[in-house]
Amino acid sequence: MLSVDDFSTNRFSGATENTKPHVEHPSPSRHPDLCFNDGNLAVLTGGHYFLVHQGLLCRHSAPLSRVIGALESKQTRYIEGRLVLELSEASNDVYYFLLALYDGISALKYDLNDFGVVSAILQMATTFEVKHLRNDLLRGLSNAWPDNLAQWDVRERNSTSMAGVYEPRKTIPHPILVINLARAVNAPDLLPAAFYDLSRNSPSDCAAGYACPLTSKTHQLSDADLLSLLRGKEHASRFLSTFIVNELEGRELSASCAHRMELDPARRRVCQSAFEAITFEILRDINGTVCPRSSDPLFAIMDAEMMQTREDPHGRPSSFLRACEFCRSEFGAAVDLAREEFWQRLPIWFGVDPQVWA
């Protein structure tokens, strides 16, 4: 990938001083899709060239405008009579980038199938400073890697099937891909959510990397990012433990508890027993024996509240987990505060500095 500082005429193909101007050289083949007969620039990469319009590229990219301007005064290589701009990026990546400039990106999906295209366009848009493409792509990625808890909860609900099965990888690219892309294009706002997503996997899975089923390529974190991930995972786990101790174990009853004045001691302890049962449910599932999301503290904290209204397999409320409305309401407020605090701490835990974090 080129950087802006790399823009110099020696990075692009041109004739030697002894080559006569306007001499046609043996050229690669036309790209089968993106060639305009009225194009006045041949973009050469790999085995293909694209016939496009200088004005379009110059309008959207100041770096490309400077390079093309330099070529017009020094370049002596031509393909089909057009000035040649040679890029080092892969032919497919250049194709997706040029296509995005001409047709836009409204048809793109931000799932695993389209992630390679999104990544290619974003990296080239960053390199060549095409700001509107970069901003639109980052906005699309932020739907799955948001900077706020409300949008994260929407993403999680959308990743859960009607049967209640959590299947994020069917619709959302693997977080290792996103972390590496965010590092490559300097998009720190994507990192906290991506790190947290990945932290829900086992340490060994995180270290082993991600084998893409489409390309068979294994993607891994840098050593520094892997260390940041493991540190953040420890912080998240500690936060959940503290929540259990502070908000569930021996929880004080609400001043308005519906059972506070019961004469029967067992009835007076209905709400306390409910919170004790919830604590037991969370602790016994610490290894994922009941719910495969036990390593997801944000979900576990929310689930502690949801347990009180969840129905059993026969469609009846689970009475032994159900506190009275007053105790349940106060606990719900504590859950909301804890989850918001958890979310706010993610950048610190994973050692990243997003520009925006809600």
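Student: How do helix α10 and helix α13 pack, I mean at what angle and how far apart are their axes?
Tutor: In this predicted model, α10 (residues 223–247) packs against α13 (residues 297–306) at about 15 degrees, and their axes are 9 Å apart. Helices here are DSSP runs of H or I with at least four residues, strands are E runs of at least two, and both are numbered from the N terminus. Axes are lines fitted to C-alpha atoms, for helices over the stretch in contact, with angles from 0 to 180 degrees between N-to-C directions.

Student: So are α10 and α13 parallel or perpendicular?
Tutor: They are roughly parallel, a label for angles under 35 degrees, while 65 to 115 counts as roughly perpendicular, over 145 as roughly antiparallel and the rest as oblique.

Student: Which residues make the contact?
Tutor: From α10 come Ala236, Phe239, Leu240 and Phe243, and from α13 come Pro297, Ala300 and Ile301, where contact means heavy atoms within 4.5 Å. Seven of the residues in this contact are nonpolar, with no polar and no charged ones; Ala, Val, Leu, Ile, Met, Phe, Trp, Tyr, Cys and Pro count as nonpolar, Asp, Glu, Lys and Arg as charged, and the others, Gly among them, as polar.

Student: What about α8 and α14, how do they cross?
Tutor: The axes of α8 (residues 191–199) and α14 (residues 325–349) come within 9 Å and cross at roughly 100 degrees, and therefore these two helices are roughly perpendicular. Pro192, Ala193 and Tyr196 of α8 meet Phe342, Trp343, Leu346 and Pro347 of α14, giving seven nonpolar, no polar and no charged residues.

Student: And at what angle does α6 pack with α14?
Tutor: Helix α6 (residues 149–158) packs with α14 at about 100 degrees, the axes being 10 Å apart, which makes α6 roughly perpendicular to α14. Leu149, Trp152 and Asp153 of α6 meet Arg339, Glu340 and Trp343 of α14, and by class this contact has three nonpolar, no polar and three charged residues.

Student: Switching topic, which element gives the largest share of the lining of the second largest pocket?
Tutor: That is α4, with eight residues, and α3, α4, α7 and β8 each supply at least two. The lining has eleven nonpolar, ten polar and two charged residues.

Student: How is the numbering done?
Tutor: Residues are numbered from 1 along each chain as its sequence is written, and side-chain values use heavy atoms, leaving out hydrogens and water. Because this is a predicted model, local features need pLDDT of at least 70 and side-chain atom pairs count only at pLDDT 80 or more, whereas totals for chains, interfaces and linings use all residues.
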